[in-house]
Amino acid sequence: MPSFQGAIFDVDGVLVDSPHEKAWRESLRDLMEGEWSDVADRTTWSPDAFTPRVYEEEMSGKPRMSGARAALEYFHVPDDEEESRVAEYAERKQAMVVRLIEAGDFHAYPDALRFIITVKDDGLRVAAASSSKNAKLFLRKIRLDTFAQEQGIASASVRPGLTLLDYFDADVSGRDFAHGKPHPEMFLTAAHELAVAPDAAMVIEDAPAGVEAARAGAMAAIGVSRADDAALLTRAGADVVVTSLDQVDRTALAEGRLKKAPA
């Protein structure tokens, strides 16, 4: 198998510990305990019922409106006026997530930053591909040069003043694609803009829908299990599932294979 030429990164949950889950959960709670309290007893929602697993299985990796619709359907929230509650929930969540980002309520995963520097130094082209329209807000706040200095990483690809947003060769995050994940359109577009064939690209994802999208596009997939969801990522078709990108075998990666490094 030829070696990989491109790496396509999801953002939320792979590169950054974003406040999206918190924003989805808390904005729905605000609505159900406020404006929508009259329908609360007709739903299966409760504060404790919105678990990390619900977020991972129903919402993670999906465009905003699709995520809102999936959550309301999961909790059987009635919507008498077409799209009204879906749109209201999506807008409420967006306002909350922007506030959380501006307040710095997120951090970059060190293993992911080490990995992206490694693969770019190994000659791969890299792209960001997130359904979130907030991805650029995260990426431009992360100083890759500062991280490399703190980690003692000497890299010709990391120059002074470099943000993570600057580091990507392509960025298709937040675009209005006709199809969201698990459709492969976003990843195929990223590969095209990297000038890399799909079968020479790998996708790094933390959501089952994202892994499914990679596989549907004939791309390899690394599943990053930040939560207790390794089985979900494996079932979605990930070639390898890791809890940290430090666990990816670099020798195998250079040969075009995905596997865990020996313990």
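How many bridges join strand E6 to E7, and do they run parallel or antiparallel?

**Entry 1: ground rules.** I am working on a predicted model, in which local features need pLDDT of at least 70, side-chain atom pairs count only at pLDDT 80 or more, and totals for chains, interfaces and linings use all residues. Residues are numbered from 1 along each chain as its sequence is written, and side-chain values use heavy atoms, with hydrogens and water left out. Helices (H or I, at least four residues) and strands (E, at least two) are DSSP runs, numbered from the N terminus.

**Entry 2: the E6-E7 pair.** I looked up strand E6 (residues 201-205) and found four bridges to E7, with the two strands parallel. Two strands pair if DSSP finds at least two bridges between them. Ile-204 has Ile-222 of E7 as its bridge partner. Between E6 and E7 the chain passes through helix H10 (residues 208-216), and this β-α-β crossover is right-handed. The term right-handed applies if, with the strands pointing away from the viewer, the path from the first strand over the helix to the second runs clockwise.

**Entry 3: E7 itself.** I checked burial along strand E7 (residues 220-224) and noted that five of its five residues are buried. Buried is under 20% relative accessible area, exposed is over 50%, and partly exposed is in between (1.4 Å probe, protein chains only). Ala-220, Ile-222 and Val-224 point one way, Ala-221 and Gly-223 the other way. In a regular strand the side chains alternate between the two faces of the sheet.

**Entry 4: E7 to E8.** I then followed E7 to strand E8 (residues 240-242), where three bridges join a parallel pair. Gly-223 stands opposite Val-241 in E8. The chain takes helix H11 (residues 230-236) on its way from E7 to E8, in a right-handed β-α-β crossover.

**Entry 5: the whole sheet.** In what order do the six strands of the open sheet stand? I read the order as E5-E4-E1-E6-E7-E8, with parallel pairing. Strand E5 (170-171) and E8 are at the edges with a single partner strand each, so one side of each has no neighbour in the sheet. Strand E1 (residues 6-9) is joined to E6 by four bridges and runs parallel to E6. In that pair, Ile-8 has Val-203 of E6 as its bridge partner.

**Entry 6: helices on the sheet.** I looked up H10 again: H10 lies across E6 and E7, at about 170 degrees to E7. Axes are lines fitted to C-alpha atoms, for helices over the stretch in contact, and angles run from 0 to 180 degrees between N-to-C directions. The buried residues of H10 are Pro-208, Ala-209, Gly-210, Val-211, Ala-213 and Ala-214. These buried residues pack against H2, H9, E6, E7 and H11, where contact means heavy atoms within 4.5 Å. Just after H10, Ala-218 has a positive phi of about 65 degrees. H5 lies across E1, strand E4 (125-128), E6 and E7, at about 160 degrees to E1.

**Entry 7: H5 against H7.** I took helix H5 (residues 110-121) and helix H7 (residues 144-151), whose axes come within 11 Å and cross at roughly 100 degrees. H5 and H7 are therefore roughly perpendicular (under 35 degrees counts as roughly parallel, over 145 as roughly antiparallel, 65 to 115 as roughly perpendicular, the rest as oblique). H5 contributes Pro-110, Leu-113, Arg-114 and Ile-117 to the contact, and H7 contributes Leu-144, Phe-147 and Gln-151. I sorted the residues of this contact into five nonpolar, one polar and one charged. Nonpolar covers Ala, Val, Leu, Ile, Met, Phe, Trp, Tyr, Cys and Pro, charged covers Asp, Glu, Lys and Arg, and the others, Gly among them, are polar.

Entry 8: Most residues other than glycine have a negative phi, and most peptide bonds are trans. I found the bond from Lys-181 to Pro-182 to be cis, with omega near 15 degrees. Pro-182 is in the loop between E5 and helix H9 (185-194). His-76 has a positive phi near 55 degrees and sits in the loop between helix H3 (64-74) and helix H4 (84-102). Ala-195 also has a positive phi, near 60 degrees, and is in the loop between H9 and E6. Ala-195 counts as exposed because its relative accessibility is 67%.
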